Amino acid sequence: MRKLVQFLVVVLALFSAPLAARAKVRITVDLSSQQMDVLSDSGSSYSWPISSARSGYVTPRGVYSAVSLQTMHRSKKYHNSPMPHSIFFHGGYAIHGTYETASLGRPASHGCVRISPANAAMLFSLVRAEGATIEIVGSPPPSHPFASESRHRRHYALAHHKHYARSGHGHRATALSYAPERRGDFPTRVFGYVLH
C-alpha cells in the first residue's frame, strides 16, 4: 500500500508541475488612460486603446482570471450586439472586439472592455493558449452619456420639423402639423381622432 501511495504522489507531481509552471498572459487595463497592456509568457507585449464603461455604467476593478472564451458571443442584454472574441472574466463582463473602433480611447461601453477586432482576435488566441490574469485599475475619465445619440436625435428632430413645417402649406406649424400625412382617401388618425 505504501508503494502505491508513493507512486500516486510521483504521478500527481509530474502532472501538476507543468500546470504550476504554466505562465499566464498578464492583461492590465488602465481605466484612467483607456489603455490595455498585454504581456505574454513568450515575451511579446502590446499596448492597445480600449473603451470601458461610459457614464451610468461600471467596468469592475480588481484582479480576475479568464473564465470563459467565446469566438462570437451576442449580447442578450443589449440588442443581440456582436461581441467577437469574448474573454469573460466576471459574470457578464468580458474583454471583446468592437466594430465601433472610432470610440476606442474613451469610455463608450455598457461595462465590458472593448478593443479592436484584430487585437481581440490576437488576445483571444494568446489567452486560449496560456490562460490569463486580468487586472483592471484606475478611474475612468468623465464621459458624456449618449453624446452621439443626442446629436442624432437633434438632427432627426430638426430634419423632421422642417419637413412637417413645410407640409403645413404656408401655415404656421402646430402640434397637429406633426401628425402623419393622409394616404390616399383614408383619413389620418391621431390619438383616436380623425383629421381631415
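Which pattern does the chain follow when read along the sequence? In this predicted model, the order is α-β-β-β-β-β-β-β-β-α-β-α-β-β, made up of three helices and 11 strands. The chain has 196 residues, of which 30% count as buried. Where contacts link residues at least 6 apart in sequence, 55% of them join residues at least 24 apart.

Five of the strands form an open sheet with mixed pairing, arranged in the order β3-β2-β1-β9-β4. From one strand to the next, the twist averages 15 degrees. Helix α2 (residues 117-130) packs on this sheet, where it touches β1 (25-30), β2, β3 and β9 (132-137). The direction of α2 makes about 140 degrees with that of β1.

Within the sheet, strands β2 and β3 run antiparallel and are joined by five bridges. V38 stands opposite Y46 in β3.

Strand β2 spans residues 35-39 and includes L39. Is this residue buried, partly exposed or exposed? L39 has a relative accessible area of 37%; because buried means under 20% and exposed over 50%, L39 counts as partly exposed. Leaving aside residues up to four places away in sequence, L39 touches K24, V25, R26, S44 and S45. L39 and I27 are separated by 12 residues in sequence, and their C-alpha atoms are 6.6 Å apart in space.

How values were computed: Residues are numbered from 1 along each chain as its sequence is written. This is a predicted model: local features need pLDDT of at least 70, side-chain atom pairs count only at pLDDT 80 or more; totals for chains, interfaces and linings use all residues. Side-chain values use heavy atoms; hydrogens and water are left out. Helices (H or I, at least four residues) and strands (E, at least two) are DSSP runs, numbered from the N terminus. Buried means under 20% relative accessible area, exposed over 50%, partly exposed in between (1.4 Å probe, protein chains only). Contact means heavy atoms within 4.5 Å. Two strands pair if DSSP finds at least two bridges between them. Axes are lines fitted to C-alpha atoms, for helices over the stretch in contact, and angles run from 0 to 180 degrees between N-to-C directions.
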